Amino acid sequence: LFDFTNELFVESTPAKLRKLVMAAACKHMRCPAALLYEWKQSGSSSPTRLAKILEKQAYLCDDLEKFSAGPEIFQELAQSIINLNESPATRQCSVEVEASSHSLLATLTPLRIPSDTPDMQQKNLITPTPASEPMESWLLLAVLRPRETAADANRKPDSPFNSADRELLSILSRQAATAMENALLTTELRRYIHKLKNSQRLLL
């Protein structure tokens, strides 16, 4: 995990960072697929639409032909996520859903990033959301594994995930969220500097 942490905080491009996180999740969690998605709690996506988005976000570390979880598990995940609207949370939470052939373990971690509003852009403020307030943006990190019957007492019935898996994914998710916050803030600062330079050219 030490190398993974170093790579995370060196990379400042959000697109490259997303792929890095998903590849690392597959590697450390020993899973054939992972997905990373920034979910805005204030959005109005239906479970069906969100499920399609999540399925497209899935990253496969193996050949596509060797892995097919089907849409059912993404529909279950989408419904679980949308249910958070009924009880706004302020800290990290986990979701585990099962389909006929696979299980999915997901962790939602708050993203404390500035709101993308005209007012924020005009004032050029970078103000994190206070920890005591319900979050609107969450980083969803999920991994998928084939279901199996396990005798491990730490596992839920028929679940391929144990308590160590849940703790590891929680750690990976927190690291990824911090790195994503830094990357998004860096991108915002670069845009501001570019805008400032353009304004200076117009004045000269």
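The model is predicted. The secondary structure comes to 6 helices and 5 strands, and 5 strands form an open sheet with antiparallel pairing. Helices H2 and H4 both lie across strands of this sheet, H2 across E1, E2, E4 and E5, and H4 across E1, E2, E3, E4 and E5.

**Chain overview**

- Read from the N terminus, the elements follow the order α-α-β-α-β-α-β-β-α-β-α.
- The chain has 204 residues, of which 37% are buried.
- Among contacts with a separation of 6 or more, 71% are between residues 24 or more positions apart.

- Strands of a sheet pair through backbone hydrogen bonds, in either a parallel or an antiparallel sense.
- Strand E1 (residues 33-40) pairs with strand E5 (residues 137-146) in the antiparallel sense, over 8 bridges.
- Within this pair of strands, Trp 39 has Trp 138 in E5 as its bridge partner.

**Helices across the sheet**

- Helix H2 spans residues 14-29 and runs at about 135° to E1.
- One of the strands that H2 lies across is E4, residues 102-110.
- Helix H4 spans residues 71-82 and runs at about 150° to E3.

**Packing of H3 against H4**

- Helix H3 (residues 47-57) packs on H4 at an angle of about 120°, and the two axes are 8 Å apart.
- H3 and H4 are therefore oblique to each other, and their crossing is right-handed.
- On the H3 side, the residues that meet H4 are Pro 47, Leu 50, Ala 51, Leu 54 and Glu 55.
- On the H4 side, the residues they meet are Pro 71, Phe 74, Gln 75, Leu 77, Ala 78, Gln 79, Ile 81 and Ile 82.

**Arg 30**

- Arg 30 is found in the loop between H2 and E1.
- The phi angle of Arg 30 is near 55°, which is a positive value in a residue other than glycine.
- Arg 30 counts as exposed because its relative accessibility is 62%, where exposed means over 50%.

Definitions and conventions: Residues numbered from 1 in each chain as written. Predicted model: local features only at pLDDT ≥ 70, side-chain atom pairs only at ≥ 80, totals over all residues. Heavy atoms only, no water. Pairing = 2+ DSSP bridges. Helix = DSSP H or I, 4+ residues; strand = E, 2+ residues; numbered from the N terminus. Contact = heavy atoms within 4.5 Å. Axes fitted to C-alpha atoms, helices over the stretch in contact; angles between N-to-C directions. Buried < 20%, exposed > 50% of the residue type's maximum accessible area, 1.4 Å probe, protein only. Parallel < 35°, antiparallel > 145°, perpendicular 65-115°, else oblique. Left-handed = near helix turned anticlockwise from the far one by under 90°.
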